[in-house]
Each structure stands twice: as C-alpha cells, then as structure tokens.
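Here is a quick look at one model, with an eye on helix packing and charged pairs. Have the viewer open while you read.

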Amino acid sequence: MSNEKKQWDPSQLRKYDISLEQIPRYDYCDPRVDEIMDENVRQKPVIIQNSNVVASAKKWNLDYLEKYMGNGDYTVFLSRNHKFKYYDDKKVAKINNGDMGKNVEFTQPTKKVDMKLPEFLKRLKEWKRGDDRLYLQQGLNNTVGPEIVRDFLNFDWDFCNGKQTKHNWGPLTYNLLLIAMEGNVTPCHYDEQQNLFAQIYGYKRCILFPPSQFECLYPYPVYHPHDRQSMVDFDRPDYSKFPKFKEAKGYEAVIGPGDVLYIPIYWWHHIESLMRGGHTITVNFWYKDGPNSSISYPLKDYQKVAIMRNIEKMLQDVLKDPREVGPLLRTMVLGRFT
Ligand SMILES: O=C(O)C(=O)C[C@H](CCCc1ccccc1)C(=O)O
Ligand SMILES: [Zn+2]
C-alpha cells in the first residue's frame, strides 16, 4: 500500500518476539470469506472489508456519543499500566469466601467502576502519563439514547444473521461497545463464542492463535479468575516457566474503520489500540456456538479444549484444593500414555 494512503506506521505497534503471519482480507461479497469461515473446512480468521455491518455508526465520534449516549452508567476499567486483563468476578468471589481453601489469593489487575459517559470522555481528554488508563467496555442495551438505538438497529443485521445461519452459529448473546485509549492492550485470551469484531474508529492490532496452540499459551486453571487468559506476559515472556511459548505461531492484522475481523470460537486473541493513534471504538457481535449437529471424528482442536476444560472442572469440584489437581493428573499420565 503506498505511503500516503497508509493510516498507521509499524512504529505504533508493540514489539513482541512472536512469529506472525498476516490474516487474509477479502471483500464482504467475496466467496472466499465464507470458505474460510466454514467450520467444516477450516474456521480460520478473516478480515471482511467494505461491509456495512456498522456503517450507521460511522458518525460515532466522541461528541456524538456524548450527545446521544444518554445518562446511563457505563462499565469502565481502570489500569495502572497498558494491560486490561479480564477477570471473572464470580470466581474472585469463590476465592474470597474460601471455596478454594485458604491458600489461594487473587489481586485484581484492574478496577471496574461505573462512570457516566461525560466523565469518561473528560478523563480521556485530560489523561496524562502516570494517570490510570481507562477502557470503556459496555454491553449495548436499552440504557443508550434513542439515536444510538436507531444507529444500532441500522447495523446491517442481514449480513450478521446471514453469517449466523450459514455457519450454524447459535443465538447472538452480546454486542459489546469498546472505547479504548491509544496503547491499551487486552492480553491474549480465548472466548467460547463466535465473534464478528467490527471496527468503527481508530486502528487496532490483533494477534490470533488457533486453539491447537493451547500448549504454547499456558491458560490459567479453569477455577482461576483469569480462566481463558494466557499466563504468558507478552511484554516479558518467562521462557523458563513457559518454554513452549517460543514455538507459538500467530496470525496478525491491523484493522481500521469499516473492517470486520472474524474471531473464530476458542481462537486466542491479543488486541491492542495502536500507540499514538488516538482513541478507538469497536462493537463486537458475540454468538454462542451452534448445536453440535453430531460429533464427527476426528474431533476439532477446539472440542479437545472443551473436553480438557470439563475434566479440569470435574477434578476441581471433587478435589476442592486446586493444589491437588496437578499432582493427580501427573500421576494419571506420567509413564502410562507414552
Ligand atoms: O471481542 C473480544 O472478544 C475481545 O477480546 C475484544 C477486547 C475487549 C474484550 C474484553 C473482554 C474479554 C473477555 C471477556 C469479556 C470482555 C478488545 O477489543 O480489547
Ligand atoms: Zn475476546
């Protein structure tokens, strides 16, 4: 792409020691989009260009949102650094009321607060080095003003419903509105939902890994509040604790306004708003996975992840103390299944 049209510069990307391949980009009407998304064939990520999925939100700049988002409270995360590592409140509660025994502590890496939009935008504008970073992550619901509801209803739902039907997804569960500061990072994790990730304003760099790389990304134990997140700190990987991270092979893309990134269910993803790129606005579309028509063999990699999760949950429930799960699994496996 010639330079004058380039909207971002590689210096705005954080440096990681990971081997990365580009995620393909196709026009929304290109048949290769559905070929790539097709679960029975490949179910790989793809960037869908020039769709009108969120065209009605092109006008969502901060002034417009301040004017029309209504007076509701929005969920905003505060972080002392650039990372916004998700944690499950319910699992924090279980630890705090001793369900896992006394020797498990958890310190929350970010603070979750309710904030009116004008305050969020004010703090965004007045932010200076040393201040907490902010990240607004709010499900789009009926607390938003009528103009925003209208824009939401004017999303290209035929396109989204078409993908849902064609690829046998389950119901739409959530549309998350994401307003990030430049440089914010959502560390590597996977979700148990299909995801159409629609970029509205600003540029985000996305690094994805297939579910088959479970061994390279070392997810937290299922009982942990950081369940589904990678334990590897991409900024400073501890190769003695996580040696296989060296072998991770990822896919990356920088997406901008009008791009929709398909993040297949169980695919790992790390998302960053480009440094020095201003704030970013995204709306995602999370869909449950479809009913498994029939289990077909060989099992898909993501199905094996689901099986491992179920085994961990069962062992955790019956053993209670998380320190016993590892040793029991080791006893069961070492020397017996070579
Ligand atoms: O759309 C996705 O799946 C993303 O990960 C987008 C990510 C923010 C999501 C935060 C989050 C992670 C896990 C559970 C609930 C909320 C970003 O864009 O920074
Ligand atoms: Zn996610």
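## Ground rules

This is a predicted model, so to speak of local features pLDDT has to be at least 70, and side-chain atom pairs count only at pLDDT 80 or more, while totals for chains, interfaces and linings use all residues. Residues are numbered from 1 along each chain as its sequence is written, chains are lettered from A and ligands numbered from 1 in the order in which they are written, and side-chain values use heavy atoms, with hydrogens and water left out.

## H8 against H9

Helices here are DSSP runs of H or I with at least four residues, strands are E runs of at least two, and both are numbered from the N terminus. Helix H8 (residues 301-319) packs on helix H9 (residues 325-333) at about 120 degrees, and their axes are 10 Å apart. Axes are lines fitted to C-alpha atoms, for helices over the stretch in contact, with angles between N-to-C directions running from 0 to 180 degrees. That makes H8 and H9 oblique to each other (under 35 degrees is roughly parallel, over 145 roughly antiparallel, 65 to 115 roughly perpendicular, and the rest oblique).

Who does the touching? On H8 the contact is made by Leu315, Gln316 and Leu319, and on H9 by Val325, Leu328 and Leu329; contact means heavy atoms within 4.5 Å.

## Salt bridges

A salt bridge is a side-chain nitrogen of Lys or Arg within 4 Å of a carboxyl oxygen of Asp or Glu, and by this rule the count is 21. One of them pairs lysine 83 with aspartate 233, with the closest N and O atoms 3.2 Å apart. Lysine 83 sits in the loop between strand S4 (73-79) and helix H3 (89-96), and aspartate 233 in the loop between helix H7 (214-217) and strand S11 (249-255), so the pair ties together parts 150 residues apart in sequence. Lysine 83 is partly exposed at 22% relative accessible area, and aspartate 233 is partly exposed at 28% (buried is under 20%, exposed over 50%, partly exposed in between, using a 1.4 Å probe and protein chains only).

Arginine 150 and aspartate 151 also form a salt bridge, at 3.1 Å between the closest N and O atoms. Arginine 150 is partly exposed at 41%, whereas aspartate 151 is buried at 1%.

## A charged network

Glutamate 192 and arginine 309 meet in a salt bridge at 3.6 Å, N to O. Glutamate 192 lies in the loop between strand S8 (185-189) and strand S9 (194-201), and arginine 309 in helix H8, 117 residues apart. Salt bridges with shared partners join Lys91, Glu192, Asp227 and Arg309 into one network.
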